[in-house]
Amino acid sequence: MNHLYRIIVRFLFPLLDFMVVTGSVLLSYGIYRILDLGKQAVYPVAGVLWVCFAAAAVTVVILLLSGAYQKESGLLNVEEIKATVRGTTLSFLCFALTLVLLQVQLPRYVMVLSYLLSTGLLVLSKTFLHRLLSLSRWIPGMNRRVLIYGAGDLGRELFSSIASSPKRGIHPVGFVDDDPASQGRQFRSSAFANTAVTIDVLGKGADLPDLVRKHSIDEIWVARAFENEWELATAMAQLKPIRLPLAFVPRLHQVIHQELSVDTIGHLPLIREKKPTLPRIYPFFKRIQDPIIAAILLILSSPFLWLMARAIKKDSEGPAFFRHERIGIHGRPFYMIKFRTMVTDADPYAVNPLDATDPRVTRIGRFLRRTSLDELPQLINVVKGDMALVGPRPEMPFIVDTYEEHHRKRLAVRPGITGLWQLSCDRSAPIHHNLDYDLYYIRHQSFFLDAAILLETLMFAFKGV
């Protein structure tokens, strides 16, 4: 059944993408005609369908070459969305150039609408399909049923990666952990309840034989920190009588915060560290691009900002806006601007509210925090150059004062309104405790990665405290 699952998934995504792009071009032409845009040109149905099918075929081929159909969806799905946005952009550029060379007249309004609709609907359809595929774990025999041995940071990161890659056909049944404090705990694969997968700590290592029989486990994946080779060998010896396939997750990514490649010399594995190749052009482009986009968004959202400011002042005494000192690029301090969501006498440097019942949060503040709209005034910080649209989250000065050398790497770029940490399941933990997200972004920052993070934020970030 798992083999059948992989075959279905292999053809399902390209087929759905073909249908989405075809429908987007048809819909764009319909909007063009209904709204009477530009110089109305009427095309025969056969000609419109030919254009639709050709655009869809080109898009699917380029998405395939862009890596949008890989089994892994990448960190928090952003890599697949990035590949989708990049592939769709490239395919429509190629398609537009082909139409010009072939002297095929297609209204520019149709081309622009087709691109925008295709990009948005492709991202939405993939998100929906991922959610649908994650439900396949309830179909007997469809997925490999896996127990994760270790509910620490490494185990939870493994769980999040599995949940973000439903095309692999793996069902994480639960955790096993020997720490008494972990017993009975429940973990989510992401910060957003509407898309997250939830599993429990089912027992300890000694319970593995019973758990394997009870839950029909196919494999055991070990995600524990071993102090030395002897501990690893001992663990393998203890698990060997269970007679199931075993997999071990190395903890190297906690030591080497770069990409790794695996090679072999004889029978020995050789793990190489890939040196980061930071893009030189995009940070300069981003420095110009972000303030322009933020200024446009501020102008467009100004009526809403005014209404929210009035509602905040009417709901509770005090100013509508809240300024908080944070540390930006290269350790420079600045004041981050937010809508005020708490009462005025609340300590601004105390621990953030973890739930909506916190008495410090005002009524309108609960709405703003739940929808993340309290962050909207930070567009002013982007215009000023203190922040970017996407980047590591800025921290308070007294926390940065405790940074070790490796933590300070996150100060190499401008902090962002949103980023990978906000999309993760680790939002309740301190920001600097999740350095991997920031370092991943710094290594891979690009226009399409920013676009993917912004799209995911718009779709899912309306879940907060």
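Residues are numbered from 1 along each chain as its sequence is written, and side-chain values use heavy atoms, with hydrogens and water left out. Because the model is predicted, local features need pLDDT of at least 70 and side-chain atom pairs count only at pLDDT 80 or more, whereas totals for chains, interfaces and linings use all residues.

The secondary structure of the protein comes to 14 helices and twelve strands; these are DSSP runs numbered from the N terminus, helices being H or I of at least four residues and strands E of at least two. Of the 465 residues, 46% count as buried, that is, under 20% relative accessible area with a 1.4 Å probe and protein chains only (exposed is over 50%, and partly exposed in between). Among contacts with a separation of 6 or more, 71% join residues 24 or more positions apart, a contact being heavy atoms within 4.5 Å.

An open sheet is built from six strands in the order β3-β4-β2-β1-β5-β6, with mixed pairing; two strands pair if DSSP finds at least two bridges between them. The edges are held by β3 (186-188) and β6 (246-248), each of which has a single partner strand, so one side of each is left without a neighbour in the sheet. From one strand to the next, the twist averages 30°.

Leaving aside residues up to four places away in sequence, I199 touches F159, P172, V173, G174, F175, R185, Q186 and F187. F175 is 24 residues from I199 in sequence, yet their C-alpha atoms are 7.3 Å apart in space.

Helix α5 lies across β1 (144-149), β2, β3, β4 and β5 (219-222), running at about 160° to β2. Such angles run from 0 to 180 degrees between N-to-C directions, with axes fitted to C-alpha atoms, for helices over the stretch in contact. An α-helix has 3.6 residues a turn, so residues three or four places apart point the same way. In α5, L154, G155, L158, F159, S160 and I162 are buried, and the buried residues of this helix pack against β1, β2, β3, β4 and β5.

A search of the whole structure finds four cavities of 30 Å³ or more. A cavity is a set of points on a 1 Å grid over the protein atoms alone where a 1.4 Å probe fits but cannot get out, and lining residues have an atom within 4 Å of a point. The second largest cavity has a volume of about 100 Å³, a volume being the space filled by probe spheres set on the points, which are joined across faces, edges and corners. Of its 13 lining residues, S134, A163, P166, I170 and P172 are the closest to its centre. Helices α4 (108-134) and α5 (153-163) and strand β2 (170-176) each supply at least two residues of the lining, and β2 gives the largest share, three residues.

Elsewhere, seven bridges join the antiparallel strands β9 (residues 321-327) and β10 (residues 333-339). F322 stands opposite K338 in β10. The two strands, β9 and β10, form a hairpin with five residues between them, and H330 in the turn has a positive phi of about 60°.

Definitions and conventions. On a 1 Å grid over the protein atoms alone, a cavity is a set of points where a 1.4 Å probe fits but cannot get out, and a pocket is an open set with protein on both sides within 12 Å along at least five of seven lines; lining residues have an atom within 4 Å of a point.
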